[in-house]
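Colleague: Hi! Could you walk me through this model?
Modeller: Happy to, here it is.

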Amino acid sequence: VDYVRTDQDLAEKMTAEALKNYDAVVFANTTGALPLPDKQAFIDWIKSGKGFVGMHAAADTFDAQNYWKPYVEMLGAQFQTHHAQVEVEAQNQDAACPICQGLGASWKVFDEIYLMKDYDPAKVHELLTLDKHPNEKTPGHYPISWCKMCGQGRVFYTSFGHRKDVWDPNESDRKNSKEVAEAYQQFILNGIKWAVGLE
């Protein structure tokens, strides 16, 4: 496991040559225009059979102001907007999928809920969805998490993960139970295992 925390780290560790050392990358709340040294090589690397995992603001990476179509197509959607943080009950669309195991038929999480654009459910394998608008509660179809193929590569994304107490069962400022954070950690671990082909 390696980390990229600065633009300099990114310039060194995400070149076409350096990416050969890794099986997958995780974009944990990245946002805006990442200065990838070779953007096309990055997408080609995923397509060659590597894994990509994105949490929350990964859908706001290469956002509308920095739009890069190949990234949005690889991910499966793009962040459009969000409203006030709220508790939602996400419906588990595939309890048999190794990523969703242990979540039950539905999962209540208090978080900042993204509304997406450039999303086509026919091009992804839906994992978690809402059947109503998170804030207005009007009926509809709202994606939360999905997985998909990108060439030979595996892509997993969840829009959950804005709040610290979603990630960390030891966070003191809580709207979510410790069990929610523990389940989120397992959900992410499952997604990583799936993305690298271990599940």
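Colleague: Which residues does F27 touch, not counting residues up to four places away in sequence?
Modeller: F27 touches M14, L34, F42, F52, V53, G54, M55, A58, T61 and Y71, where contact means heavy atoms within 4.5 Å. This is a predicted model, where local features need pLDDT of at least 70, side-chain atom pairs count only at pLDDT 80 or more, and totals for chains, interfaces and linings use all residues. Residues are numbered from 1 along each chain as its sequence is written, and side-chain values use heavy atoms, leaving out hydrogens and water.

Colleague: How many residues are in the largest nonpolar core?
Modeller: It has 30, and F27, F42, F52 and Y71 are those with the most contacts inside it. Such a core is a set of buried Ala, Val, Leu, Ile, Met, Phe, Trp, Tyr and Cys residues joined through side-chain atoms within 4.5 Å. Buried means under 20% relative accessible area, exposed over 50%, and partly exposed in between, with a 1.4 Å probe and protein chains only.

Colleague: New topic: how many salt bridges are there?
Modeller: Five, each a side-chain nitrogen of Lys or Arg within 4 Å of a carboxyl oxygen of Asp or Glu. One of them joins D165 and R163, with the closest N and O atoms 2.8 Å apart.

Colleague: Is D165 buried or exposed?
Modeller: D165 counts as buried because its relative accessibility is 0%. R163 counts as buried too, at 12%.

Colleague: And what about E17 and K20, buried or exposed?
Modeller: Both are exposed, and they form a salt bridge with the closest N and O atoms 3.1 Å apart.
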